[in-house]
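Colleague: I'm new to this one and would like to learn how to read it. Could you walk me through it?

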Amino acid sequence: MHEWTRKHLLSIEELSKEEILTILETAESFKDISLRPIKKSPVLRGKTIVLLFYEPSTRTSTSFSLAAKRLSADIVNIPVKSSSVQKGESLIDTVANLEALKIHTVVMRHSRAGAPMMLAKHTNASIINAGDGCHEHPTQALLDMFTIKQNKGSFDGLKITIVGDILHSRVARSNIWGLSKLGAEVTVCGPPTMIPVEVEKMGVKVTYDLKEAIAGADVVNLLRVQFERESGMLFPSVREYAAMFSMDDTMERFMKKDALIMHPGPINRGVEISSSMADGKRSVILEQVTNGLAVRMAVLYLISGEKNNSEEA
Amino acid sequence: MHEWTRKHLLSIEELSKEEILTILETAESFKDISLRPIKKSPVLRGKTIVLLFYEPSTRTSTSFSLAAKRLSADIVNIPVKSSSVQKGESLIDTVANLEALKIHTVVMRHSRAGAPMMLAKHTNASIINAGDGCHEHPTQALLDMFTIKQNKGSFDGLKITIVGDILHSRVARSNIWGLSKLGAEVTVCGPPTMIPVEVEKMGVKVTYDLKEAIAGADVVNLLRVQFERESGMLFPSVREYAAMFSMDDTMERFMKKDALIMHPGPINRGVEISSSMADGKRSVILEQVTNGLAVRMAVLYLISGEKNNSEEA
Amino acid sequence: MHEWTRKHLLSIEELSKEEILTILETAESFKDISLRPIKKSPVLRGKTIVLLFYEPSTRTSTSFSLAAKRLSADIVNIPVKSSSVQKGESLIDTVANLEALKIHTVVMRHSRAGAPMMLAKHTNASIINAGDGCHEHPTQALLDMFTIKQNKGSFDGLKITIVGDILHSRVARSNIWGLSKLGAEVTVCGPPTMIPVEVEKMGVKVTYDLKEAIAGADVVNLLRVQFERESGMLFPSVREYAAMFSMDDTMERFMKKDALIMHPGPINRGVEISSSMADGKRSVILEQVTNGLAVRMAVLYLISGEKNNSEEA
């Protein structure tokens with residue numbers, strides 16, 4: 001296994017193929033822990049991990065929190081609503097203060113693209129990007145890749161289709177970077193207003209037709225329609241979106257026999273996907289949730305371990 | 001001691017007398033832990049318990065949280081206000097996701113009667129009902145019964161009066177089921193608008209007169225007036241309620257010499273009860289709080305233990 | 001080292017010089033823990049510490065929370081917004097209930113001066129005052145004193161200037177009590193409307209001129225301008241305040257060569273202090289944050305240890 005030397009996890013774009021594979025292999029060894037009666041490993045005992053979420057999140061923060069607890073780390077949850085940010089403190093000062101508390105690792109979500117990178121330059125703590133604006137969501141892409149690896153074995157020549165609002169999706173962006181590095185062929189599909197200009201330069205194919213997009217695909221990854229974000233304005237209505245891009249039962253026959261359906265959740269039943277498809281045998285949506293825990297344990301372990309070796313020992 | 005085989009704790013109604021007694025006996029053995037200098041037992045180490053409270057609660061959630069910590073479990077607190085529920089996720093999908101995170105036990109409060117039962121049918125996790133609408137609040141009734149047992153020794157022929165808004169009280173309902181199974185005689189008392197129609201079918205006596213209700217009672221359990229709920233509308237005013245049903249000092253002489261006063265808290269001093277009665281020698285209100293911890297430790301232990309034995313080992 | 005016998009930490013005013021020094025010496029021995037790879041000591045294992053913050057706080061509550069975790073205590077965070085207080089429960093009843101849960105120590109912040117003292121009279125739990133109105137903020141003063149001791153060695157004859165809204169500052173009040181007891185000379189400086197009448201009776205000098213205040217000072221402690229509090233009304237505008245009392249680069253030449261700059265944080269860059277001064281070589285602002293952790297570990301240890309020995313063993 002490739003030796004891990006990176007201090008932060010800021011994006012998939014910056015990772016090498018070997019680094020991605022190191023995370024996935026480490027995740028594999030951690031997956032067992034959550035299946036044991038005693039779901040606990042002592043590897044991060046005495047480490048402190050801060051969850052600094054400037055955007056609300058249950059799913060990702062619960063997953064990170066649980067991952068940290070199962071590795072015996074101490075966790076400090078800083079709900080930004082009640083934080084010093086409201087007293088006018090800058091992001092850099094907030095993190096400088098966390099660093100002064102001798103914190104190893106800050107897991108951070110922010111609505112502004114690039115916020116974690118900016119912080120990483122100004123702190124000795126390790127930063128894990130848990131989603132920054134429309135930029136990247138590295139651990140989501142890693143858990144998607146991990147789920148694909150567990151089901152398909154290898155990435156070489158695998159055909160993966162991502163459907164939805166590619167333009168605003170940090171999940172799509174991170175997946176495209178990662179899957180391309182691993183040798184998969186990525187196709188993106190959605191309404192023209194939701195496909196970034198010149199996305200082909202990232203090495204992906206584009207189609208605006210769902211049937212065409214899923215034909216021959218080994219994996220179909222559906223993005224969540226973000227009712228709460230701006231993307232709603234890029235399409236006439238949810239009903240029209242669903243009519244053209246919903247993975248419903250009529251799509252079944254266009255799919256490869258062993259194609260998987262993925263979704264980062266929470267799903268909008270009847271919008272991106274029908275209930276029967278979401279709960280059907282192709283769906284690995286809940287497997288993704290389980291794998292998210294293993295991947296985040298791996299990331300916390302690799303990041304906090306590196307820190308420990310270089311700076312503090 | 002009766003062997004525990006039940007996966008969920010959804011209601012007192014469904015429990016047998018033996019099951020109730022098993023919980024009370026287990027609680028007895030756990031009560032000591034909180035009196036030790038080191039208040040910690042390792043029995044749930046490596047188990048994950050989720051607190052999923054759709055209604056705000058300090059008292060019950062703190063009690064469960066502390067109980068879980070003293071048993072060395074990991075706890076994930078999901079404040080529903082900031083959860084995926086707000087992104088439109090259904091209850092079943094929320095719990096399916098928790099299950100995918102390999103969570104053992106979900107302690108759940110919900111404003112809708114029956115919500116925990118519905119969930120229990122759709123998940124492999126164990127569900128503990130921490131209060132569902134006007135239906136049941138099993139751990140409150142269990143801690144009430146535990147407190148009575150500790151003070152009175154046995155339930156046979158014991159006369160217990162419950163005063164207040166019986167109609168909307170999940171505490172009353174759970175107590176009636178439990179106390180009846182254990183052989184106590186239950187009387188309910190309150191304004192006619194707050195007594196359920198045909199409540200006698202649950203095996204209780206009814207009276208609308210407080211003096212009559214407390215005469216001969218071994219235990220008087222006062223329900224909280226829920227200013228924040230709908231019950232206020234069932235009575236002209238709080239002042240009038242207090243005038244007729246407040247356990248104030250003038251009631252003292254109508255009570256049996258060794259009768260206890262109980263209240264689930266938080267108390268409204270001067271409404272359900274006078275300050276001198278609340279703090280007086282009959283009152284076991286704070287003892288109930290202490291016992292709540294022991295009872296919840298017992299429930300978490302029995303429920304998470306069962307799960308462990310059957311599914312995962 | 002002086003033996004610790006005090007049950008609560010309510011104010012600096014009530015402490016003797018020896019008691020303050022005991023805390024600072026204990027903090028010294030705890031400071032190392034946060035610099036180790038495994039930041040963990042088992043001394044408070046099985047103790048339960050409650051954070052009861054009636055005013056929002058990230059900085060102080062995170063510091064206490066981390067301190068408790070590094071000592072292996074269990075922590076219960078009671079966010080008052082969602083607590084029983086909103087159901088009309090009195091402060092005394094809230095704490096009586098915490099006590100019934102067999103909690104050792106309550107760390108409490110309240111907007112009302114004297115609230116922690118009042119509670120201490122009505123509970124068996126130990127109370128640590130984490131800031132009460134305009135009265136005191138003992139652990140902030142202790143960490144300030146600790147930082148001075150680490151940098152200057154001794155307090156005898158040391159000249160310390162506090163700048164800002166002395167009138168409303170619990171930080172100032174606690175520092176004045178503590179530094180005077182330790183033998184330092186304290187000067188306060190600020191606009192006349194922000195200096196308490198008869199403050200000289202506390203043994204401090206007063207000046208309204210920043211240059212005069214910092215000339216000869218060994219330490220300059222800048223208070224935060226509380227935009228969110230009433231103090232804004234005591235001065236025409238923030239701009240005017242900054243013009244007269246900001247520690248900006250032009251002040252550098254009036255300071256002693258080895259004078260320190262302190263600030264309890266979060267800083268308002270460009271108001272109390274310029275960015276270059278805040279980040280410059282005189283500034284020990286982040287050191288204060290680090291030291292806050294050590295001081296709070298010491299306080300929790302001394303307070304919870306005393307409790308343990310006298311009442312429970």
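Modeller: Let's begin with the nonpolar core. This is a predicted model, and its largest nonpolar core has 291 residues. The residues with the most contacts inside that core are A:Leu300 and C:Leu300.

Colleague: Which residues does C:Leu300 touch?

Modeller: Setting aside residues up to four places away in sequence, C:Leu300 touches C:Leu44, C:Ile49, C:Ala67, C:Ala68, C:Leu71, C:Ala73 and C:Thr105.

Colleague: Now chain A. How is it divided into domains?

Modeller: The domain assignment gives domain 1 of chain A as 17–136 + 290–312, and domain 2 of chain A as 138–284. Taken over C-alpha atoms, their centres are 26 Å apart.

Colleague: And how many residues are in contact between domain 1 and domain 2 of chain A?

Modeller: On the domain 1 side there are 20 residues, in contact with 17 residues of domain 2. Helix 1 (17–31), strand 4 (126–132) and helix 10 (285–312) of chain A each supply at least two residues of that domain 1 side. Helix 10 of chain A gives the most, with six residues. By residue type, the domain 1 side divides into nine nonpolar, six polar and five charged.

Colleague: Can we zoom in on one residue? Is A:Leu222 buried or exposed, and why?

Modeller: Count the neighbours. A residue is buried if 20 or more other C-beta atoms lie within 10 Å of its own. A:Leu222 has 25 C-beta neighbours inside 10 Å, so it counts as buried. You'll find A:Leu222 in strand 8 (residues 219–222) of chain A.

Colleague: What is A:Leu222 in contact with, beyond its neighbours within four places in sequence?

Modeller: Its contacts include A:Val163, A:Gly164, A:Met247 and A:Ile261.

Colleague: How should I read a strand?

Modeller: Start with a general idea: in a regular strand the side chains alternate between the two faces of the sheet. Then look at burial and pairing. In chain C, four of the five residues of strand 5 (residues 159–163) are buried, so this strand is largely enclosed by the rest of the structure.

Colleague: Which strands does strand 5 of chain C pair with?

Modeller: Strand 5 of chain C pairs in the parallel sense with strand 6 (residues 185–189) of chain C over five bridges, and with strand 8 (residues 219–222) of chain C, again in the parallel sense, over four bridges. Follow C:Val163 to see both pairings: its bridge partner in strand 6 of chain C is C:Cys189, while in strand 8 of chain C it stands opposite C:Leu222. Strand 5, helix 6 (residues 170–181) and strand 6 of chain C make a right-handed β-α-β unit.

Colleague: What about strand 4 (residues 126–132) of chain C: how many of its residues are buried?

Modeller: Seven of its seven residues are buried. Strand 4 of chain C pairs in the parallel sense with strand 3 (residues 105–110) of chain C over five bridges, and C:Val106 has C:Ile127 as its bridge partner. The chain goes from strand 3 to strand 4 of chain C through helix 4 (residues 115–121), in a right-handed β-α-β crossover.

Colleague: And helices?

Modeller: An α-helix has 3.6 residues a turn, so residues three or four places apart point the same way. Now take helix 3 (residues 91–100) of chain C: seven of its ten residues are buried, so this helix is largely enclosed by the rest of the structure. Among the buried ones are C:Asp93, C:Asn97 and C:Ala100. After helix 3 of chain C comes C:Lys102, with a positive phi, near 60°.

Technical notes. Residues numbered from 1 in each chain as written. Chains lettered and ligands numbered in written order. Predicted model: local features only at pLDDT ≥ 70, side-chain atom pairs only at ≥ 80, totals over all residues. Buried ≥ 20, exposed ≤ 12 C-beta atoms within 10 Å, placed from the backbone. Contact = placed C-beta atoms within 7 Å. Pairing = 2+ DSSP bridges. Right-handed = clockwise from strand over helix to strand, strands pointing away. Domains from an automatic or database assignment. Nonpolar A, V, L, I, M, F, W, Y, C, P; charged D, E, K, R; others polar. Core = buried A, V, L, I, M, F, W, Y, C linked by C-beta atoms within 7 Å.
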